[in-house]
Amino acid sequence: MWRRLVCVMCLIPCLVAAEEKLAEDPTRVETKLGLSYDDAFNLSASFAFDAARKINASINKDASEWRLGGSWLFPVGIVNFSFGRNEFTSGAHQTHYSVGTFIPLSYFGFKPFGIEIFPAAGYSHNNGEIICRGNTQSSSFCHGLSNNLDIGLVTLPVKSNGGYLGMFALKPITPALTLILAAGSAKGSNHYSGHAFGAGLGLRINERQSCHFLAYSTDNSYGSESHLGLSYKYTF
């Protein structure tokens with residue numbers, strides 16, 4: 001059994017390298033460095049150990065938001081894990097841990113109108129603090145609490161375990177230009193819920209350089225935010 005497993009793992013880099021992938025493909029494993037701006041500057045990087053495994057990280061200017069994770073690519077899809085921290089303008093903050101997968105439907109021969117579709121699913125754990133304001137349902141975590149507040153607001157520590165489902169899609173417009181669409185929804189314990197949407201364009205400058213313009217919005221029980229972002233990535 002172990003000998004067969006080792007043989008399969010040795011074949012993974014060959015299977016991965018056999019297919020040319022778009023620069024935005026979430027199953028792409030490579031070493032790269034990126035810089036983005038969406039109300040603040042962010043630095044990101046990934047390091048590929050081989051054709052199947054990588055680690056990645058990102059951090060904003062003041063280190064108030066960051067992410068660290070990794071991926072393991074298989075012939076049918078990719079397994080991702082990550083943990084990170086988000087802050088919201090309301091004063092709430094969220095630390096999250098997740099493990100999940102992207103699966104390209106083109107592997108099964110499904111690529112309608114040339115659109116690459118990647119369903120996503122996984123498990124997530126959230127931990128942080130929210131702000132509950134008196135007589136307002138400022139968050140689903142405040143259910144049953146905010147109506148009884150005699151003070152203006154209270155900081156509430158909350159945890160949640162749950163899962164998420166999503167979709168990532170890529171549609172090449174020209175050899176250099178790609179349309180990007182993404183959506184996701186999450187549910188968890190303690191009334192946790194959330195969703196996210198995104199859309200944008202990817203521009204391939206050459207084999208090593210690419211730029212992306214993205215608009216995205218997230219809204220969950222910790223808070224909500226919307227951004228327009230521009231990023232540049234260099235592949236080594």
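1. Trp72 sits in strand S4, which covers residues 66-73. The model is predicted.

2. Val29 is 43 residues away along the chain, yet the two C-alpha atoms are 8.5 Å apart.

3. Next, the nonpolar cores. The largest has nine residues: Phe88, Ala92, Ile130, Cys132, Cys142, Val158, Ala186, Tyr192 and Tyr222. Apart from this core lies another, of five residues, including Val29, Ala48, Ala52 and Ile78. In soluble globular proteins, nonpolar side chains tend to be buried together.

4. Ala186 belongs to the largest nonpolar core. Leaving out residues up to four places away in sequence, Ala186 touches Gly163, Tyr164, Tyr192, Ser193 and Gly194.

5. Now the second largest pocket. Its volume is about 660 Å³. The lining counts 38 residues, and those nearest the centre are Glu20, Lys21, Leu22, Asp25 and Arg28. Two or more lining residues come from each of helix H1 (2-17) and strands S7 (116-133), S9 (177-188), S11 (209-220) and S12 (223-235). S11 gives the largest share, three residues.

6. What is the make-up of the lining of the second largest pocket: how many nonpolar, polar and charged residues? The lining holds 16 nonpolar, nine polar and 13 charged residues.

Key: Residues are numbered from 1 along each chain as its sequence is written. This is a predicted model: local features need pLDDT of at least 70, side-chain atom pairs count only at pLDDT 80 or more; totals for chains, interfaces and linings use all residues. Side-chain values use heavy atoms; hydrogens and water are left out. On a 1 Å grid over the protein atoms alone, a cavity is a set of points where a 1.4 Å probe fits but cannot get out, and a pocket is an open set with protein on both sides within 12 Å along at least five of seven lines; lining residues have an atom within 4 Å of a point. Grid points are joined across faces, edges and corners, and a volume is the space filled by probe spheres set on the points. Helices (H or I, at least four residues) and strands (E, at least two) are DSSP runs, numbered from the N terminus. Ala, Val, Leu, Ile, Met, Phe, Trp, Tyr, Cys and Pro count as nonpolar, Asp, Glu, Lys and Arg as charged, and the others, Gly among them, as polar. A nonpolar core is a set of buried Ala, Val, Leu, Ile, Met, Phe, Trp, Tyr and Cys residues joined through side-chain atoms within 4.5 Å. Buried means under 20% relative accessible area, exposed over 50%, partly exposed in between (1.4 Å probe, protein chains only). Contact means heavy atoms within 4.5 Å.
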